[in-house]
Amino acid sequence: MKLGNSCLAAGKKAKKGSVTVLLVFLFSALTTLTGAFISHARSLALEAEVEALGRLWASSVLGGYDRLLLERYGLFAYYGTPERVDAELAELASYSLSGSRYVRMEAPEASIFGYSIGSSEAFRRQMKETALPTVIQTVQGGNEWGAARPGEGAGDGASGYPAGPAQEMAEILSLTTRVSEREIVNERILSDLPSRGQGSYGSDPERFRYRSGVLGIVETGTDAFLECCYARSRFGTAVQPRADSFLRYEGEYLLCGRPSDRENFYGAQAAILAVRGLLNTAYLETDPAMQEKLLEAAELLAPGAGAPAMKEALTAAWALAESLNDYQLLLHGKKVPFRKDEASWAVRITAVINGTTGGYYDPGNEEGEEYGDYLFALLYLVSGDTRILRIMDLVEIDMKANCYRDFRLADYYTGLDFRIVVNGREHHFTDRYD
């Protein structure tokens, strides 16, 4: 009996020991799982924190945009080098994650070259954002050249050219003592301009993309119009020069691309005279009243068989005289309509025959286009790459002259890519202004 009781007691103890061991195993497993869950949750929380902080770090770098570049040209871009951006990101990451003892972090590595505003496509994207508000003003006719430049006067309206019918034609065309003599002679500055390097800073695959079809034509035309609107709002001309620009004739530079004001002035002059010559000739050859006057004068000067040749010569001479008069009017801030009529035609045929076309005559046009409108139209005809690169030239020249002597668009960026490894996991971030 006693032996049976002893065996029963031993069995109960063995059963209690087995339960205890099982509970220990269960508790250990539960503890391990809890630790794993806590570790995983901490890892997920850290990943979410790094993702949120990474975007914040990128925004912080972009927040260092150049204020003068924004004020003068409406361009968001920050000055940087890969080493400088890496150092800034490392400082931000170290500060943000320094309080956690479970973080193992490798130094961030940034890539910024694809975002250089020295690239024509990156510059064009930024410029489009700035140009949009000026489009409505341009369409409504209220966007003067240089209107968006802060803290400057509108110029004297005629660049110092004296008005009056007594002024000789030759004087207004040569303007030897009145044309600005400013010129960029430093070959280092010239060779560093975007148009000389063809805007190839950084990776710029879009620059060489061929845009075909109807959508390509529409896109190209839209780009051209926005670029012209931007140029009109930011730069001056011979008639409306900006107060602090190095090159006085910026609109003319966009048209001709020469390093001296004199060359750009005369290049724009030749282009405007050519346009007016074609338009005036077309009007003379299609208007019945003008044709009658030309025929009468030709028969008077060369009766008989010589009349047709004389008529052609008179047409050319009359169109030229009217074009010269038109150019003088434009230089003095007057309006000259693209399409002439009898009221807006200034030079009389008797003045051409008698050679008395000295000075200029103002018919008092209330409607029509001004000097800046003609430049705007001619600039629209410049090829897209050439136009955008010359706009970039003027920005760089102006910033060198008025803000930073060593300014280069290639050193300014509109975005960044960077990677950072935290606790063995790689995180990638991309951000840009536009």
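The model is predicted, so local features need pLDDT of at least 70 and side-chain atom pairs count only at pLDDT 80 or more, while totals for chains, interfaces and linings use all residues. Residues are numbered from 1 along each chain as its sequence is written, and side-chain values use heavy atoms, with hydrogens and water left out.

**Overall make-up**

The chain has 15 helices and five strands. Helices (H or I, at least four residues) and strands (E, at least two) are DSSP runs, numbered from the N terminus. Of the 434 residues of the chain, 42% count as buried. Buried means under 20% relative accessible area, exposed means over 50%, and partly exposed lies in between (1.4 Å probe, protein chains only). Among contacts in the chain with a separation of 6 or more, 78% come from residues 24 or more positions apart; a contact means heavy atoms within 4.5 Å.

**Helices α11 and α12**

Helix α11 (residues 288–301) and helix α12 (residues 307–331) have axes that come within 8 Å and cross at roughly 125°. That makes α11 oblique to α12. Angles under 35 degrees count as roughly parallel, over 145 as roughly antiparallel, 65 to 115 as roughly perpendicular and the rest as oblique. The axes are lines fitted to C-alpha atoms, for helices over the stretch in contact, and the angles run from 0 to 180 degrees between N-to-C directions. On the α11 side, the residues in contact include Met-290, Leu-294 and Leu-301, and on the α12 side they include Met-310, Leu-314 and Trp-318. By class, this contact of α11 with α12 has ten nonpolar, two polar and three charged residues. Ala, Val, Leu, Ile, Met, Phe, Trp, Tyr, Cys and Pro count as nonpolar, Asp, Glu, Lys and Arg as charged, and the others, Gly among them, as polar.

**Helices α10 and α14**

The axes of helix α10 (residues 261–286) and helix α14 (residues 371–380) come within 11 Å and cross at roughly 90°. The two helices α10 and α14 are therefore roughly perpendicular to each other. In α10, Ala-268, Ala-271, Ile-272, Val-275 and Arg-276 meet Tyr-371, Tyr-374, Leu-375 and Leu-378 of α14. The contact of α10 with α14 has eight nonpolar residues, no polar ones and one charged. Seven of the ten residues of α14 are buried, so α14 is largely enclosed by the rest of the structure. Tyr-371, Gly-372 and Phe-376 are among the buried residues of α14.

**Aromatic pairs**

A search of the whole structure finds 15 aromatic pairs. Rings of Phe, Tyr and Trp (its six-membered ring) pair if their centres lie within 6.5 Å; planes under 30 degrees apart count as stacked, over 60 as edge-to-face and the rest as tilted. Two of the pairs are listed here.

| Pair | Centre to centre | Angle between planes | Type |
|---|---|---|---|
| Phe-265 and Tyr-266 | 5.4 Å | 85° | edge-to-face |
| Trp-318 and Trp-345 | 5.7 Å | 85° | edge-to-face |

Trp-318 lies in helix α12 and Trp-345 in the loop between α12 and α13 (349–354), so the pair ties together parts that are 27 residues apart in sequence. Trp-318 is buried at 2% relative accessibility, and Trp-345 is buried with a relative accessible area of 2%. Phe-265 is buried at 0%, whereas Tyr-266 is partly exposed at 24%. Tyr-79, Tyr-404, Phe-407 and Tyr-412 form one aromatic cluster.
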